[in-house]
Structure formats: C-alpha cells, structure tokens
Amino acid sequence: MTTFFLHGLDSSGKGTKGRYFANRFPQVQCPDFSGSLRERLDQLAVLCGVENDLTFIGSSFGGLMATAYACSSPHRVKQLVLLAPALNFEFTPPETKIDVPTLLVVGDKDDVCPPALVLPAAESTFRNLEIEVVDDDHMLHGTFQKIDWQKYIG
C-alpha cells in the first residue's frame, strides 16, 4: 500500500499537515504540486506510476485532486481521506457513483469549502462515504490531529 498526502492549493507537502505526517508516519509521501488541476493530476499520475492499493489523504485542493484521481481510476485506489475537500471548485460528480471507501471531514465553520456545497457533491460521487462535520474551520487545526490516522495509514 502506498499513501500520499496531497496538499492544498497554496500549501506544500512541507506545510503543517505534511510535517505532521513526516514526523509521525514517515511512510506517507508528501510531494509538492504546482500548476492547474490538470497539471497537478499529471504530476500525481507520474508519482503513482503503475501502483495500485493507493491511499490518498487530500486537504482542500488536494482533496479535489484525490477525488478526481479516484473517479478516473477507482480500481487503483484503496481509500480516501478528504479534509475540507474543494469539491466546490472545478468538479462535476461522475455519472455513476464510485465504490472507493471515503472519509470526508469538513468544518461547520468552513467558508472556503462550505459543507452545504461540498457534501452534496461528495454524496453524488461516493457510494461508500463516511461524513464527519466537525466544530472547526477550513484549516481543521482543531480536528486534524484527533483523526485516528493509524486506521487509515496502518
């Protein structure tokens, strides 16, 4: 199993969440991405190579990336953890829901990716979806470290 942390639009793999994974779960790959969504997805495809059994932890725009990748190659993705995913930007749900097990965590005070916009898109995308709406904002600083990461990373 290969696990990637996919950072947000204006962040990097060395941001707060990336450093958290590097310090506690060094097996999680935390690459840097740049450019448009298409360019970032192309960079991700190169990193994934021919591997299957992928886990993506996507934060904000990284959540959008993880979702887009899973929609195009669901057979290669083991699971997703989406943290305040930017499904309200550049995303249209697929015609048929995908079966990738997905945890979506979003803050009830998120004004960048509000639950009212993100949750309907996620519910239209994933057949196996667990949703946690938490008392937090877009950064999920109060919630992020409380997630049982061992359950998702191993």
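Buried means a residue has under 20% relative accessible area, exposed means over 50%, and partly exposed is in between (1.4 Å probe, protein chains only).

## What you're looking at

This is a predicted model, where local features need pLDDT of at least 70 and side-chain atom pairs count only at pLDDT 80 or more, while totals for chains, interfaces and linings use all residues. Residues are numbered from 1 along each chain as its sequence is written, and side-chain values use heavy atoms, with hydrogens and water left out.

## Strand S1, covered on both faces

Let's start with strand S1, residues 2-6. Strands here are DSSP runs of E with at least two residues, helices are runs of H or I with at least four, and both are numbered from the N terminus. Five of the five residues in S1 are buried. Thr2, Phe4 and Leu6 sit on one side, Thr3 and Phe5 on the other, and all of them are buried.

## How the strands line up

Two strands pair if DSSP finds at least two bridges between them. S1 and S2 do this in the parallel sense, over five bridges, and Thr2 has Leu54 in S2 as its bridge partner.

Next comes S3 (residues 77-83), with six of its seven residues buried. Strand S2 (residues 54-59) runs parallel to S3, joined by six bridges; Phe56, for instance, has Leu80 in S3 as its partner. To get from S2 to S3, the chain passes through helix H3 (residues 61-72), and this β-α-β crossover is right-handed. That label means that, with the strands pointing away from the viewer, the path from the first strand over the helix to the second runs clockwise. S3 also runs parallel to strand S4 (residues 102-107), with four bridges joining them, and Leu82 stands opposite Leu104 in S4.

## The largest pocket

On a 1 Å grid over the protein atoms alone, a pocket is an open set of points where a 1.4 Å probe fits, with protein on both sides within 12 Å along at least five of seven lines; lining residues have an atom within 4 Å of a point. The largest pocket has a volume of about 380 Å³, counted as the space filled by probe spheres set on the points, which are joined across faces, edges and corners.

Which residues are closest to its centre? Of the 21 lining residues, they are Gly8, Leu9, Asp10, Ser60 and His138. Helix H1 (residues 16-24) gives the most to the lining, with three residues.

A disulfide is a pair of cysteine sulfur atoms within 2.5 Å, and the count here is zero. For Cys30, the nearest cysteine sulfur is that of Cys48, 13 Å away.
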